[in-house]
Every structure is written in C-alpha cells, then in structure tokens.
Amino acid sequence: MKNIVILLAVIALSASNTANAQVNTIDSVATSKVQHFNFDQMESETIGKGIKRKWFHGQKGQMTIFNLEKDAHIPWHQHPNEQITYIMSGKVKIKTIIDGKEEFVEVGAGEVIVFPENVPHEFWALEQTVDLDVHVPVREDWLSKELPDYLKKTEKQD
C-alpha cells in the first residue's frame, strides 16, 4: 500500500510539472515576436568588390546570404559570434586557424564549415558562389549602417 501511495505521488508530481511546462511554453510563445522573411524579395547591398549580401536577424541570431563573384575576397577577421557557413553553390578557399595553425580549406557546394567564436577567417571565391551564413549571437557590428573595418579593406563597388 505504501508503494502505491508513493507511486501516485510521483505520478501527480510529474503531471503537475508537465502542466506547468506547457503553461510556460504557451506563455513564452504568446510573448514572442514571430518574424517572416523572404530572401527573394530582399534587396541586396553591395559591401565590397564582388560581394553582395542580404540579411536579417532575430533576437538571438542572424542569417545572411552572400553572393560572391569569382575572385571576391572577404579579408581576415574575427568576431565574438559562432559562424556556420553553408556553401549553397560555388566554391571558396578559406584561411583559418585549425589546431593552432593557419590552414587553408576549400569548401564547395553542399558543404558546411563552422567557426567557433573569435576564430579568425578569410574567404576567397574560387568561382561565383552563394554562401548562407548563420551567426549566433547577432553581429552587433552589423547593426549600424557603418561597415566593419575589415570590410572597408575591400574595394566597394557603386
């Protein structure tokens, strides 16, 4: 009998926690701002010679599509954001730090490379490339209209 009472208490406690979790989830959804974007309808901005981007951000992260012409170059830089890069088409050569050494890596269509926060990297487009990047958290240096210093090193096209 004692075991049955303990079992019922555990079930009741578990049900109570589940109900509270659902209420919390519903509350957090009700106070969240859902955003909807369409990359095809966004205007590209030219941020360097042969480099165009379209981007948006949520509260905790951002997504960017870069269109890189062959030979476009994104200079050596680092940031306090994790960066996940998916090459949708084309191919890039990347210089970065792997196991404490400068290394070059080629990343082509369908491949992903992940840069932890503060790991320097540099890109060269080996052919016309479409690159989808996700940064977490949001790149604070992108929130102003001013380009980050490393992008000022490219020749901006008008």
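Modeller: Contact means heavy atoms within 4.5 Å of each other. The model is predicted: local features need pLDDT of at least 70, side-chain atom pairs count only at pLDDT 80 or more, and totals for chains, interfaces and linings use all residues. Residues are numbered from 1 along each chain as its sequence is written, and side-chain values use heavy atoms, with hydrogens and water left out.

Start with Val92. Leaving aside neighbours within four places in sequence, Val92 touches Leu68, Ile87, Val105, Glu106, Val107, Phe123, Trp124, Ala125, Leu126 and Thr129. Val92 also belongs to the largest nonpolar core, which has 19 residues. Such a core is a set of buried Ala, Val, Leu, Ile, Met, Phe, Trp, Tyr and Cys residues joined through side-chain atoms within 4.5 Å. Buried means under 20% relative accessible area, exposed over 50%, and partly exposed in between, with a 1.4 Å probe and protein chains only. Ile51, Leu68, Ile74, Val92 and Ile94 have the most contacts inside this core. Two or more residues come from each of strand 2 (51–57), strand 3 (62–68), strand 6 (91–98), strand 8 (112–115) and strand 9. Strands are DSSP runs of E, at least two residues long, numbered from the N terminus. In soluble globular proteins, nonpolar side chains tend to be buried together.

Now the sheets. Two strands pair if DSSP finds at least two bridges between them. Strand 4 meets strand 9 (residues 121–125) through three bridges, antiparallel. Opposite Ile74 stands Phe123 of strand 9.

The other open sheet has six strands, in the order 1-2-3-10-5-8, again antiparallel. Strand 1 (45–48) and strand 8 pair on one side only. Twist averages 25° from one strand to the next. Seven bridges hold the antiparallel pair of strand 3 and strand 10, and Met63 has Val134 in strand 10 as its bridge partner.

Asp131 is buried yet has no salt bridge. That would take a side-chain nitrogen of Lys or Arg within 4 Å of a carboxyl oxygen of Asp or Glu. The nearest side chain of opposite charge is Arg139, 10 Å away. Beyond four places in sequence, Asp131 contacts Thr64, Ile65, Phe66, Thr85, Tyr86, Ile87 and Phe123.

Methods: Helices (H or I, at least four residues) and strands (E, at least two) are DSSP runs, numbered from the N terminus. Lys and Arg count as positive and Asp and Glu as negative; His and the chain ends are not counted. Axes are lines fitted to C-alpha atoms, for helices over the stretch in contact, and angles run from 0 to 180 degrees between N-to-C directions.
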